[in-house]
Amino acid sequence: YEITVRDWSSDVCSSDLPQLDFGTFVLSMSSSALVHLGDVPEPESGRIVKNIPAAKQTIDILCMLESKTRGNLTDQESRLLRDMLFELRMKYVQHTD
């Protein structure tokens with residue numbers, strides 16, 4: 001069975017999930033980093049579990065995304081990514097100091 005892009009997108013888009021755009025993606029990745037830092041409980045269990053290496057990796061992915069998308073984002077997208085990276089980096093330093 002071959003899945004075409006159209007089949008995939010119609011299945012995914014018809015769900016009750018929020019619309020995925022760049023801002024939603026950045027916020028999702030940032031939320032994951034906050035969970036790994038132990039600032040936010042895990043959504044599934046409600047427990048606080050720190051995983052500093054996973055937090056660093058998530059922050060590094062956002063840094064790579066910032067580098068690779070430079071000049072291709074709207075002002076709002078660029079500002080969101082820059083501001084989230086600043087906040088996450090500050091929190092990371094607090095947790096590793």
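**Exercise 1. Packing of α2 on α3**

The axes of α2 and α3 come within 7 Å and cross at roughly 155 degrees. In this predicted model, work out how α2 is oriented relative to α3, and describe the contact.

*Solution.* 
- Step 1. Take the angle of roughly 155 degrees. Angles over 145 degrees count as roughly antiparallel.
- Step 2. Therefore α2 is roughly antiparallel to α3.
- Step 3. List the partners. α2 brings F22, F25, V26, M29, S30, S32, A33, H36 and L37. They meet I52, A54, A55, T58, I59, I61, L62 and L65 of α3.
- Step 4. Sort the contact of α2 with α3 by class. It has 13 nonpolar and 4 polar residues, and no charged ones.

**Exercise 2. Packing of α3 on α4**

Repeat the analysis for α3 and α4. At what angle do their axes cross, and which residues make the contact?

*Solution.* 
- Step 1. The axes of α3 and α4 come within 10 Å and cross at roughly 155 degrees.
- Step 2. The cut-off of 145 degrees applies again. α3 and α4 are therefore roughly antiparallel to each other.
- Step 3. The crossing of α3 past α4 is left-handed.
- Step 4. From α3, the contact uses I52, K56, I59, L62, C63, L65, E66 and T69. From α4 come L81, R82, L85, L88, R89, Y92, H95 and T96.
- Step 5. The residues of the contact of α3 with α4 divide into 9 nonpolar, 3 polar and 4 charged.

**Exercise 3. The largest nonpolar core**

Which residues make up the largest nonpolar core, and which element gives the most to this core?

*Solution.* 
- Step 1. Collect the members. The largest nonpolar core has 12 residues: F22, V26, M29, A33, L34, I59, L62, L65, L81, M84, L85 and L88.
- Step 2. Assign them to elements. α2 (22–37), α3 (52–69) and α4 (75–96) each give two or more residues to this core.
- Step 3. α2 gives the most, with 5 residues.
- Step 4. Look at one member, L81. Leaving aside neighbours within four places in sequence, L81 is in contact with F22, V26, L62, L65, E66, T69 and L73.
- Step 5. In soluble globular proteins, nonpolar side chains tend to be buried together.

**Exercise 4. S30 and E77**

Classify S30 as buried or exposed. Then find the relative accessible area of E77, and how far E77 is from D21 in sequence and in space.

*Solution.* 
- Step 1. Locate S30: this residue is found in helix α2.
- Step 2. Apply the cut-off. Buried means under 20% relative accessible area. S30 has 1% relative accessibility, so it counts as buried.
- Step 3. Find its partners. Not counting residues up to four places away in sequence, S30 touches L62, M84 and L88.
- Step 4. Turn to E77, which lies in helix α4. With a relative accessible area of 23%, E77 is partly exposed.
- Step 5. E77 and D21 are 56 residues apart in sequence. In space they are 9.9 Å apart, C-alpha to C-alpha.

**Exercise 5. The whole chain**

How many helices and strands are in the chain, and what percentage of its residues is buried?

*Solution.* 
- Step 1. The chain has 4 helices and 0 strands. From the N terminus on, the order is α-α-α-α.
- Step 2. Of the 97 residues in the chain, 22% are buried.
- Step 3. Residues 24 or more positions apart account for 55% of them.

How values were computed. Residues numbered from 1 in each chain as written. Predicted model: local features only at pLDDT ≥ 70, side-chain atom pairs only at ≥ 80, totals over all residues. Heavy atoms only, no water. Core = buried A, V, L, I, M, F, W, Y, C linked by side-chain atoms within 4.5 Å. Buried < 20%, exposed > 50% of the residue type's maximum accessible area, 1.4 Å probe, protein only. Contact = heavy atoms within 4.5 Å. Axes fitted to C-alpha atoms, helices over the stretch in contact; angles between N-to-C directions. Parallel < 35°, antiparallel > 145°, perpendicular 65-115°, else oblique. Left-handed = near helix turned anticlockwise from the far one by under 90°. Nonpolar A, V, L, I, M, F, W, Y, C, P; charged D, E, K, R; others polar.
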